[in-house]
Amino acid sequence: MAARQHTVKIAVVHGPNLNLLGRREPAVYGSATLAEINAALTTLAAELGVEVESFQSNGEGALVDYVQGAAERVGGFVVNAGGYTHTSVALRDALVGVARPFVEVHLSNVFAREAFRHRSMLADRALGVVSGFGRDSYLLALRALADHLFQTEHTWRAPPTSATA
Ligand code: DQA
């Protein structure tokens, strides 16, 4: 198989309150901090041969701005929108609007929790949803999205121009 001409890049988006991971309800969300999760994602990305960048914000508008900007440089998104998962038309519109595949992630199993967490504004437009595996939810999502991007690379990137073509 020919070597890939481009690095596949994936953006990891963390929504509100995820900056508190490690000390926020550890029985629900685990003891890993956001920095530890991002470090694990960077390590896995290197193994998979992709690059990751991560962004966290507590603000809906900042998340929308980030998605719009990052879409210029990434093939897809891993998204834990936190509480905005259940409420944000704006974040949904941004993700759908930039037309990049995304995987919805939750540390907790949202379906085993309060009814208001069973509704997602994102899930029906996601490539898939990973929920309930703590830190590993992010890692599983990264693997799945990287596989998807490798398989579909020719459809979302123009073929490299060749001097001999
Ligand atoms: C969460 C689940 C959401 O319901 C909650 O609002 C969060 C975290 C999770 O990762 O389990 O902030 O997305």
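Predicted model: local features only at pLDDT ≥ 70, side-chain atom pairs only at ≥ 80, totals over all residues.

Biologist: Are helix 3 and helix 4 roughly parallel or roughly antiparallel?

Modeller: Helices here are DSSP runs of H or I with at least four residues, strands are E runs of at least two, and both are numbered from the N terminus. The axes are lines fitted to C-alpha atoms over the stretch in contact, with angles from 0 to 180 degrees between N-to-C directions. For helix 3 (residues 60-70) and helix 4 (residues 89-97), the axes come within 9 Å and cross at roughly 0°. Angles under 35 degrees count as roughly parallel, so helix 3 and helix 4 are roughly parallel.

Biologist: Which residues of helix 4 make the contact with helix 3?

Modeller: Contact means heavy atoms within 4.5 Å. Helix 3 brings Glu60, Leu63, Val64 and Val67, and from helix 4 come Ala90, Leu91, Ala94 and Leu95.

Biologist: How much of the ligand's exposed area does the protein bury?

Modeller: Let's start with polar contacts, pairs of N or O atoms within 3.5 Å (within protein, one must be able to donate a hydrogen and the other to accept it, and residues adjacent in sequence count only if both atoms are side-chain atoms). Polar side-chain atoms sit 2.7 Å from a ligand oxygen for His86 and 2.8 Å from a ligand oxygen for His106. Accessible areas come from the Shrake-Rupley method with a 1.4 Å probe. Alone, the ligand exposes 320 Å², and the share of that buried by the protein is 97%.

Biologist: Which side chain does the side chain of Ser120 join in a polar contact of 2.8 Å?

Modeller: Ser120 is in the loop between strand 4 (102-106) and strand 5 (128-131). Its side chain has a polar atom 3.0 Å from the backbone nitrogen of Leu122. The side-chain partner of Ser120 at 2.8 Å is Glu104.

Technical notes. Residues numbered from 1 in each chain as written. Heavy atoms only, no water. Parallel < 35°, antiparallel > 145°, perpendicular 65-115°, else oblique.
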